[in-house]
Protein chains: 2
Amino acid sequence: MKIITVSREFGSGGRELGKRLADVLGFDYYDREIITEIAQNCGLNETYVEQELSHFAWHTIPLTFKHSFSAYFALQNVHTGLLLEQRKVIEKIAETGRDCIIVGRNADVILRDKNPLNIFVCADAASKLQRCRERASHDEHLTDKQMARKIRAIDKNRSKLRELITDAKWGDRQNYHLIVNTTGWNIKQLTFAVAEYATRWFERG
Amino acid sequence: MKIITVSREFGSGGRELGKRLADVLGFDYYDREIITEIAQNCGLNETYVEQELSHFAWHTIPLTFKHSFSAYFALQNVHTGLLLEQRKVIEKIAETGRDCIIVGRNADVILRDKNPLNIFVCADAASKLQRCRERASHDEHLTDKQMARKIRAIDKNRSKLRELITDAKWGDRQNYHLIVNTTGWNIKQLTFAVAEYATRWFERG
């Protein structure tokens, strides 16, 4: 069984790379599907689950800004509960025994024992800004500066979320097998380069 | 003209990867050759040139530990002079117009305008230790702990040397096109994976 995990900076094209890689290699693909599954298992709204799981910062606001201790702990428990459910869903994917690609969600840490190929995808600030501009019509009102700040904030969240489950730092070269910078690449072309690399990685002696 | 620069952690196998990559791709290869050229141009001993260029730390020792001001500045000037000569030699390599691979020496920064493919090579601590053990008979007397400390010290030097000419941090994912972790790879096999990636990189639209 071959597992590839794709971690990525927001706006780097990592998700597109993961999806295309799954198509080229004939692997199952998981990204949003994980959120859908968690929502179903917990009987919660998908958007709510997604928000809870991608925003760490909210829970770090000092207690005094919250309504009450009980609300604070209730929310903390929801968050922890969802993280546990997410882990279960990801472990279940690995149990199918089918080759797969999982984008985000710290699957590289959760599936460590399954020897996944862990890829991190990054890009320079200008490319990420451009990709976000092309994609997100609901962010049209943001200035470039605001958009750049949003990108950094999302990545900071991802980094913090990772700290909840591991000391292995998000985006640090020691924690991945391959770090790909998408700057200057067409993701479609890049996919073939990474697919070849991945194929050789799984075949290595 | 295609240029590949290879920066690497000490003991990661980056040099071997660079050499093999040059063989597979049919590129010229530069590493020690640069030192030889500098030594010839400056009329200095090769070993001395190499030591001067790879040990930044010596010159950061506070003045009070040195014999005199004049000795301090004389040595600083030698160091700066050698760095300038190194830059010239690397620029001359690029002027030949021949496809080449340059290992180390911050060639990625020096040749920035030539659009090189910049690769960084890393590995986990255990693999680096093992590779150093297999290679360096003159370090046989070192304990594992001492050897690990030596590896870290050399990388710290490389990082510091880089700071002399750029703000772009050594080993930071933003400053390379590809970061390859050699842990678990046979470098010979890895070479083909990286060669394919490089070929596609130079062909990208």
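Are A:Tyr197 and B:Trp185 buried or exposed? A:Tyr197 is buried, and B:Trp185 is too; buried means under 20% relative accessible area, exposed over 50%, and partly exposed in between, with a 1.4 Å probe and protein chains only.

## Basis of the model

This is a predicted model, in which local features need pLDDT of at least 70 and side-chain atom pairs count only at pLDDT 80 or more, while totals for chains, interfaces and linings use all residues. Residues are numbered from 1 along each chain as its sequence is written, chains are lettered from A and ligands numbered from 1 in the order in which they are written, and side-chain values use heavy atoms, leaving out hydrogens and water.

## Aromatic pairs

Rings of Phe, Tyr and Trp (its six-membered ring) pair if their centres lie within 6.5 Å; planes under 30 degrees apart count as stacked, over 60 as edge-to-face and the rest as tilted. Over all chains the count is 10 aromatic pairs. In one of them, the centres of A:Phe27 and A:Phe202 are 6.5 Å apart and the planes are at 55°, so the pair is tilted. A:Phe27 is buried at 12% relative accessible area, whereas A:Phe202 is partly exposed at 23%.

A:Tyr197 and B:Trp185 form an edge-to-face pair, with 5.7 Å between centres and 65° between planes. This pair crosses between chains.

## Charges over rings

A charge sits over a ring if NZ of Lys or CZ of Arg is within 6 Å of the ring centre and within 35 degrees of the ring normal. The charged end of A:Arg135 lies over the ring of A:Phe10, 5.6 Å from its centre. In chain B, the charged end of B:Arg135 sits over the ring of B:Phe10, 5.6 Å from its centre.

Conventions:
Helices (H or I, at least four residues) and strands (E, at least two) are DSSP runs, numbered from the N terminus.
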